[in-house]
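Trainee: I would like to learn how to read this model. Please take me through it feature by feature.

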Amino acid sequence: IGDSSLHIILKKILDFILKTGGGFQRVRTHLYGSLLYYLQIAQRPDEPDTLEAAKKSMWERLTAPEDGFSKLQRENMAIIESYGSALMEVVCRDACDGHEIGRMLALALLDRIVSIDKQHQWLLYLSNSGYLKVLVDSLADDDLKLQSLLIPQPPLLKALYTYESKMAFLTKVAKIQQGALELLRSGVIVKLAQFQVYDMRPEIDQQGIFGMREPPVFIPAPVERYHQILLPALQLCQIILTSSMAQHAQAARQVLQFLISHSDAVQAILRCQEVSVGALQELALLTGIISKAALPGVLGDFDLDFNEGMQIELQGHIGRFQRQCLGLLTRFGSSE
C-alpha cells in the first residue's frame, strides 16, 4: 500500500472518531483499536543487537537519512495535528471517564501519540485543559479497588488493567522533561504516597495459590498481583527522578516522602530472600530510586521548615535505606 493510501485510511479513521464524539463509546473503542494498529505500521522494528549496529556512532545515528518508518510517522503526526483540539478533546475525555475498555484503549492511544509528537502539542493540551490533573486525581479512586485484588480469589481484574494503562501513560509523559515537571506540580507522587495497597504486601504462598498444587492459569497469585500494582509506581518514580533534573530537589523530596510513607514495604523488599523475576525487578527499581533520591545532604536542599525532631526522623529513614542497599552487596556481590 502506498503512503497516500495509508493516509486516506488514517483520515477516515479520524473522521469517524470525530463523528462519534457525542456518544457511541463502543464504536469509538473499535476505532481506537484500529488507529493503534495503524500507527504500529510506522514503528521501526527493534534493531538486532549485532556488531554492525554496535559500530555505529551516536553521530551516525543522528545524521542518518530519514527512513521510510520515520517519514511515515512524521506524516501521520502531521495529519493527526491537522484535526486540532477537537480530536484531542474526544480522546482525552474517553481516557478520563470512558468505560473500562474504552478508557484503556484511549490511554494506549494517548501513550502512542505522545511518544511520536515531537512538538509536544498533545502534552500541552493535556496540561492546559486539566485532563492530566484529572487523570492524576483519579488515582485516589484506584486504591480501594486495588486493595480488593489482593485476596486469594479476587473479583474481576478490570481495575488492575485500567490502573496499569493509566500508570503506563503517566510514565510515558514523565519521560518528557516538561511532562515530568507537570506531574510533579499535579502531585502524582504525593497521591501514590497515600496509597494503602502498597503496604499490603502478601506473604509468599509456598504451597501454591488457594492451597492447590496447580494454580489457575488466568489468575496470577496474590504476590504476582502485588508486583503488578507496585512496579508501575516504582517505574514512575524512577523516570520522574531521571527526567526532572531542573527540579531534582523537588522530585527527590516527593519520592523520599513516598518511600518513607511505605517504609515497611520498602524494607520488606530490601530484606526479601525471594529470587523471582518480580522480586528482582522490585529490588532493581528500588535501589535505583534510593541512589537517585537519598543523596548525601539531600535534606539541606529542601526548602521546608523542619523541626529538629522531624529532621532526625527523616535522616534515620534515609540512613536505614542506604545501609540496607549497601547490605545487598554482600548478598549479590561476587566473591572473586
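Mentor: Start with the cysteines. A disulfide is a pair of cysteine sulfur atoms within 2.5 Å. A search of the whole structure finds zero disulfides. Cys96 is in no disulfide, and the nearest cysteine sulfur, that of Cys92, lies 6.8 Å away.

Trainee: What kind of model is this, and how are residues numbered?

Mentor: This is a predicted model: local features need pLDDT of at least 70, side-chain atom pairs count only at pLDDT 80 or more, and totals for chains, interfaces and linings use all residues. Residues are numbered from 1 along each chain as its sequence is written, and side-chain values use heavy atoms, with hydrogens and water left out.

Trainee: Is Cys96 buried or exposed?

Mentor: Take the cut-offs before the case. Buried means under 20% relative accessible area, exposed means over 50%, and partly exposed lies in between (1.4 Å probe, protein chains only). Cys96 has 18% relative accessibility, so Cys96 counts as buried. Cys237 is buried too, at 0%. Across the chain of 336 residues, 47% count as buried.

Trainee: How many helices and strands does the chain have?

Mentor: Both are DSSP runs, numbered from the N terminus: helices are H or I with at least four residues, strands are E with at least two. The chain has 18 helices and zero strands.

Trainee: How many salt bridges are there?

Mentor: A salt bridge is a side-chain nitrogen of Lys or Arg within 4 Å of a carboxyl oxygen of Asp or Glu. By this rule the count comes to 10. One of them joins Glu89 and Arg93, with the closest N and O atoms 3.9 Å apart. Both residues lie in helix α6 (residues 84-97), four residues apart, about one turn of the helix. Glu89 is partly exposed at 26%, and Arg93 is partly exposed at 25%.

Trainee: Which parts of the chain does the Asp111 and Lys172 pair link?

Mentor: Check the distance, then the positions. In the salt bridge between Asp111 and Lys172, the closest N and O atoms are 2.5 Å apart. The pair links distant parts of the chain: Asp111 sits in helix α7 (residues 100-116) and Lys172 in helix α11 (residues 158-174), 61 residues apart. Asp111 is buried, with a relative accessible area of 16%.

Trainee: Where do Arg185 and Glu182 lie?

Mentor: They are in helix α12 (residues 177-186), and because they are three residues apart, about one helical turn separates them. Arg185 is exposed, with a relative accessible area of 56%. Elsewhere, salt bridges that share partners join Lys133, Asp137 and Lys191 into one network.

Trainee: How should I read two packed helices?

Mentor: Two packed helices are described by the angle between their axes and the distance between the axes. Axes are lines fitted to C-alpha atoms, for helices over the stretch in contact, and angles run from 0 to 180 degrees between N-to-C directions. The axes of α6 and helix α8 (residues 121-129) come within 11 Å and cross at roughly 65°. Contact means heavy atoms within 4.5 Å. The residues making it include Leu87, Met88 and Val91 of α6 and Trp122 and Tyr125 of α8.

Trainee: Which residues is Gln324 in contact with?

Mentor: Leave aside its neighbours within four places in sequence, and Gln324 is in contact with Gln267, Leu270 and Arg271. Gln324 belongs to helix α18 (residues 308-332). The C-alpha atoms of Gln324 and Gln267 are 7.8 Å apart, while 57 residues separate them along the chain.
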